[in-house]
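The exercises below are intended for a reader who is meeting this structure for the first time.

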There are 2 protein chains.
Amino acid sequence: MKKTIITNGTFLTMNPEKPVIQGCMVLEDNLITYIGEEAPQPLDTYDEQINGKDKLYMPGLVNTHCHAAMSLLRGYGDDLALQVWLQEKMWPIEGKFTAHDVKWGTQLSILEMIKGGTTTFVDMYDHMNEVAQAVEESGMRACLTRGVIGLCPPEVQDAKLKEATQFARDWHGKAGGRITTMMSPHAPYTCPPDYIEKIVQVAHDLNLPLHTHMSETAREVQDNVDQYGARPVAHLEKLGLFSRPALVAHAVHLTDDEIQVLKQHDVRVSHNPGSNLKLASGIARVPELLKQGVKVSLGTDGAASNNNLDMFEEMRLAALIHKAVSGDPVAVPAEAAIRMGTIDGAQSIWLEDVGSLQPGMKADFISLNLNQPHFFPKTNYISHVIYSASAKDVADVWVDGRMLVKNGECLTLDEEKVLYEAQRCFERLTSQ
Amino acid sequence: MKKTIITNGTFLTMNPEKPVIQGCMVLEDNLITYIGEEAPQPLDTYDEQINGKDKLYMPGLVNTHCHAAMSLLRGYGDDLALQVWLQEKMWPIEGKFTAHDVKWGTQLSILEMIKGGTTTFVDMYDHMNEVAQAVEESGMRACLTRGVIGLCPPEVQDAKLKEATQFARDWHGKAGGRITTMMSPHAPYTCPPDYIEKIVQVAHDLNLPLHTHMSETAREVQDNVDQYGARPVAHLEKLGLFSRPALVAHAVHLTDDEIQVLKQHDVRVSHNPGSNLKLASGIARVPELLKQGVKVSLGTDGAASNNNLDMFEEMRLAALIHKAVSGDPVAVPAEAAIRMGTIDGAQSIWLEDVGSLQPGMKADFISLNLNQPHFFPKTNYISHVIYSASAKDVADVWVDGRMLVKNGECLTLDEEKVLYEAQRCFERLTSQ
């Protein structure tokens with residue numbers, strides 16, 4: 001058993017009883033076993049001592065909605081409406097993606113996320129074995145799912161579902177428990193109702209949660225009404241999707257009644273402010289969701305619609321935009337935004353031992369370099385993290401007790417190679 | 001005369017005819033004298049050759065509304081409405097600010113801005129000699145103005161106006177031409193009409209532009225109507241403020257007619273999205289302003305209401321929020337946002353030889369480290385700058401042909417001392 005102590009640090013614990021601690025944290029293997037003002041003595045019993053002076057320690061960030069391989073399309077189609085962007089830019093080129101592309105696109109995203117303080121991410125994509133292997137190699141934590149689009153003949157639907165089921169079964173609990181899985185109909189508008197019901201049944205059979213895109217645009221909501229006679233929430237409820245633990249991405253266009261339905265079924269909402277703004281999808285009713293007690297977390301979505309994977313930016317957007325839209329300067333306070341990015345993110349994917357710095361929690365945490373102009377004066381560190389910090393302030397990153405990034409350098413992936421291969425993939429995809 | 005050539009670079013020129021150039025740029029003293037694919041030969045005639053490989057060069061960012069010394073209050077009062085924040089948190093402690101506090105608060109902000117790629121800023125504050133000296137020492141470019149609040153007895157009003165006039169006269173054109181000045185009534189709600197008229201007269205006498213806060217909150221607009229029978233635009237027009245070249249900050253709450261008035265008088269608008277969001281002031285009608293041909297630039301406002309001075313973030317917010325609010329994904333495209341942050345910013349403060357990389361322009365420019373995951377693949381660099389970059393990506397900064405930041409290190413200010421002194425000021429101010 002390896003025992004490490006960090007001394008002289010400033011810790012944002014996410015424990016509401018003691019949100020900020022100046023002192024020490026002890027790790028034993030992959031767990032936090034102590035945090036407090038005083039260092040448990042004697043110091044010579046520790047295998048490693050880390051001086052945390054001028055560092056701010058906080059839980060790693062949890063990105064609850066991403067399509068990592070889409071980083072290959074960063075900047076490839078901007079300033080377009082969602083449906084145009086999807087149908088004319090993304091889907092044609094994504095249709096050419098091979099396992100090789102998904103491998104390097106995912107590694108590119110993992111590199112960006114991990115160096116920027118994200119320790120756990122949700123990924124919904126294709127060629128998911130490549131994604132799982134990249135997660136395993138990188139040392140990150142992830143909740144993975146093969147998203148299936150059902151706009152295809154029955155035999156192709158069946159093959160996709162079989163593949164998604166196999167993936168979910170093969171990888172759940174793997175990589176030392178760092179990988180969990182879900183089942184995912186891509187969206188109500190890309191999956192016929194009977195196909196969604198089949199996917200829900202598999203989730204029941206495997207005892208897994210479900211993930212889907214929902215009510216991202218007003219047009220998609222109206223189309224659902226036109227096609228199925230119901231808005232997406234009622235439609236998915238009827239198809240049994242909320243009979244399982246469920247995480248829905250976006251949920252921009254919700255009525256008061258729909259918020260109640262989500263609350264009743266304890267459906268978790270992944271709020272993706274950057275992507276929703278960029279695609280002009282609208283502004284989710286986050287203050288109302290929070291008021292009704294719905295668990296809200298944050299996602300970057302894919303890098304093609306964001307265009308970065310900086311979770312500090314998503315926390316800041318979540319804290320900022322709802323104030324101006326509602327006219328209420330406390331609509332989403334800094335404390336709510338940091339919860340959404342950390343502990344509420346972890347709980348949104350049913351990780352109960354991730355997301356805060358407390359004894360018994362997994363050692364998934366990050367440090368920020370405090371000795372910089374935008375963190376002065378030393379006033380309110382939660383405020384500094386939400387309103388002033390960025391991914392580039394992250395110095396060190398640990399996941400499951402293992403250091404993955406040290407002083408800004410990723411220890412587990414070969415950055416130069418990843419950048420080179422990602423560029424090659426993009427050039428091949430766009431030259432065909 | 002010193003002659004420098006940068007080779008192998010990627011240049012965002014802000015010249016619409018040739019927005020991106022892969023090649024070389026030549027500086028002679030404080031001017032850009034060449035930019036193009038080929039290096040003017042022979043290379044041994046240059047005093048310095050810089051290899052621009054893996055660097056993206058672009059004009060320095062222009063921050064058109066700031067109160068630099070307010071960085072001392074970063075994180076001191078968050079998640080409050082504008083009037084509460086001003087009257088209960090900011091004004092009481094700002095009332096204690098001495099010249100010493102303004103000196104170190106301004107240096108703290110200059111350090112953050114300059115390292116983050118801002119080469120020019122507008123500052124409206126008190127103790128402006130300290131600000132001007134800090135600008136001179138730092139090597140930055142600035143447009144400075146002593147903002148006067150007229151809620152005081154006539155003799156105090158007169159003293160303030162005299163001081164503001166003296167400052168504007170003393171410093172206009174100083175620091176090798178890097179400093180220009182303006183006259184500034186703080187806001188219609190803090191200056192009686194006759195006081196505003198007096199300030200306008202001084203601007204006429206000194207042939208200087210005017211700067212003011214305007215229509216930042218709905219409440220302030222309503223108060224203006226209640227008190228003076230007119231909304232702020234008509235009120236200021238009547239008082240002659242737009243008879244001079246004028247830059248107004250915020251301009252969140254505007255009618256169609258008011259936009260026409262601003263256009264008729266060629267009034268420039270400093271859009272401050274971060275501050276407007278954070279203080280729940282509302283969302284400015286930027287797409288309409290742009291459509292009507294009003295010159296719109298970007299400002300951070302003071303760090304106490306932002307809470308950083310990252311102009312990349314302001315460009316990104318300007319590009320993102322108006323899309324979602326209007327439902328139009330091309331409401332403010334990346335190309336418009338980068339103009340607002342560079343050339344339109346310079347033109348908003350009447351600098352015609354700053355803001356683009358073209359022969360004859362002042363050598364105010366920055367470089368970004370391209371060799372990072374969030375800039376891959378190499379697709380659209382304007383998109384990458386707007387949707388993916390941050391202040392922390394800036395490597396090198398030049399103003400007026402002089403290198404002020406090299407590989408992230410400020411060459412003109414003592415960072416360690418600035419951080420130390422700013423912290424000391426904050427502690428003294430809050431312990432009294």
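A residue is called buried when its relative accessible area is under 20%, and exposed when that area is over 50%. The model examined here is a predicted one.

**Exercise 1.** Explain why the residues His65(A), His67(A), His213(A) and Asp301(A) can be regarded as gathering at one spot.

*Solution.* Step 1: consult the record. An unreviewed UniProt entry annotates His65(A), His67(A), His213(A) and Asp301(A) as "binding site".
Step 1: examine the side chains. His67(A) and His213(A) are joined by a side-chain polar contact of 3.2 Å. A side-chain polar contact of 3.2 Å also joins His67(A) and Asp301(A).

**Exercise 2.** Describe the places of His213(A) and Asp301(A) in chain A, and state whether each is buried or exposed.

*Solution.* Step 1: His213(A) is part of strand S11 (residues 210–214) of chain A, whereas Asp301(A) is in the loop between strand S14 (296–298) and helix H11 (311–326) of that chain.
Step 1: His213(A) has a relative accessibility of 5% and counts as buried; Asp301(A), with a relative accessible area of 6%, is buried as well.
Step 2: Apart from residues within four places in sequence, the contacts of His213(A) include His65(A), His67(A) and His186(A). Under that exclusion, Asp301(A) has among its contacts His65(A), His67(A) and Glu216(A).

**Exercise 3.** Which residues does UniProt list in the "binding site" annotation that includes Glu94(A), and where does His186(A) lie?

*Solution.* Step 1: the unreviewed UniProt entry lists Glu94(A), Arg146(A), His186(A), Glu216(A) and Asp301(A).
Step 1: His186(A) is placed in the loop between strand S10 (184–185) and helix H5 (193–206) of chain A.
Step 2: His186(A) counts as buried, at 12% relative accessibility.
Step 3: when residues up to four places away in sequence are not counted, His186(A) touches Met124(A), Val148(A), Ile149(A), Cys191(A), Thr212(A) and His213(A).

**Exercise 4.** Characterise the packing of H11(B) and H12(B).

*Solution.* Step 1: helix H11 (residues 311–326) and helix H12 (residues 334–341) of chain B pack at an angle of about 140°, and their axes are 9 Å apart.
Step 1: this angle makes H11(B) oblique to H12(B).
Step 2: the two helices, H11(B) and H12(B), have a right-handed crossing.
Step 3: Met311(B), Met315(B), Ala318(B) and Ala319(B) of H11(B) meet Ala337(B), Ile338(B), Met340(B) and Gly341(B) of H12(B).

Notes:
Residues are numbered from 1 along each chain as its sequence is written. Chains are lettered from A and ligands numbered from 1 in the order in which they are written. This is a predicted model: local features need pLDDT of at least 70, side-chain atom pairs count only at pLDDT 80 or more; totals for chains, interfaces and linings use all residues. Side-chain values use heavy atoms; hydrogens and water are left out. UniProt positions are given in the numbering used here, feature names are shortened, and annotations may be inferred rather than shown by experiment. Helices (H or I, at least four residues) and strands (E, at least two) are DSSP runs, numbered from the N terminus. Buried means under 20% relative accessible area, exposed over 50%, partly exposed in between (1.4 Å probe, protein chains only). Contact means heavy atoms within 4.5 Å. A polar contact is a pair of N or O atoms within 3.5 Å; within protein, one must be able to donate a hydrogen and the other to accept it, and residues adjacent in sequence count only if both atoms are side-chain atoms. Axes are lines fitted to C-alpha atoms, for helices over the stretch in contact, and angles run from 0 to 180 degrees between N-to-C directions. Angles under 35 degrees count as roughly parallel, over 145 as roughly antiparallel, 65 to 115 as roughly perpendicular and the rest as oblique. A crossing is left-handed if the near helix is turned anticlockwise from the far one by less than a right angle, and right-handed if clockwise.
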